[in-house]
Amino acid sequence: MIVIVTAIDAYAQEDRRFLVAMGQAEIVRFSSGAAAVDFAAHNEVALALVDSEVGDMPLAACIAALRTSRPGEMRPVVAISARREEDFVLGLISAGCCGLVVRPFDPQALERHVAQGLRMSAKGAALQATVNQAQGLMAEGRFEDAIDVLSLTVGEDEDMAEVLFFKGCKFLMEKRWSDA
């Protein structure tokens, strides 16, 4: 399920049309950040698309609340905003935003960030399954097997994480906010 959070009806309709064109069918919209966070705390959310026009809380606070609404779950949040100031963008990144699309947006930029967020969500589910498998092995007393399962996962992600981290830092230094 994808959650759209915006107080502006025209933005919600535009975002929904775009997501439907991408093949997404389960979409729910909230005009209140608090309502979206409450929903996310009780439901599986693959991705949240949050507009800077959230009336009841600052965008960064909404992002942080959505990301932490269900501990242990990967909760990617993509922000859409017309604002481009460095402090604003860094605040969104600090809150845990996985992507920023600057409005008016290029549809390809939004598609790229949504697809990346959905991949992150799927990866989080796969990682949780691996952790569950390791916990099961530990419960059986098979500690070496559990370590092997977890070591394989960490080894696969470590190189990619380093590459993406430095790539993101480079984009930040170049003030390429949408790419970072």
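Okay, so, first the ground rules: it's a predicted model, where local features need pLDDT of at least 70, side-chain atom pairs count only at pLDDT 80 or more, and totals for chains, interfaces and linings use all residues. Numbering starts from 1 along each chain as its sequence is written, and side-chain values use heavy atoms, with hydrogens and water left out.

We've got 5 strands in an open sheet, order 2-1-3-4-5, with parallel pairing. Strands here are DSSP runs of E, at least two residues, and helices are runs of H or I, at least four, numbered from the N terminus; two strands pair if DSSP finds at least two bridges between them. Strand 2 (27-30) and strand 5 (99-102) sit at the edges with a single partner strand each, so one side of each has no neighbour in the sheet. On average, neighbouring strands are turned by 20 degrees against each other, direction ignored; axes are lines fitted to C-alpha atoms, for helices over the stretch in contact, and angles run from 0 to 180 degrees between N-to-C directions.

Now strand 1, residues 2-5: strand 3, residues 47-51, pairs with it over 4 bridges, in the parallel sense. Isoleucine 2, for instance, has leucine 47 as its bridge partner. Helix 1 (residues 9-21) packs on the sheet, touching strands 1, 2, 3 and 4 (77-81), and its direction makes about 165 degrees with that of strand 2. Contact means heavy atoms within 4.5 Å.

Over at strand 5, 4 parallel bridges join it to strand 4, and isoleucine 80 is partnered with valine 101.
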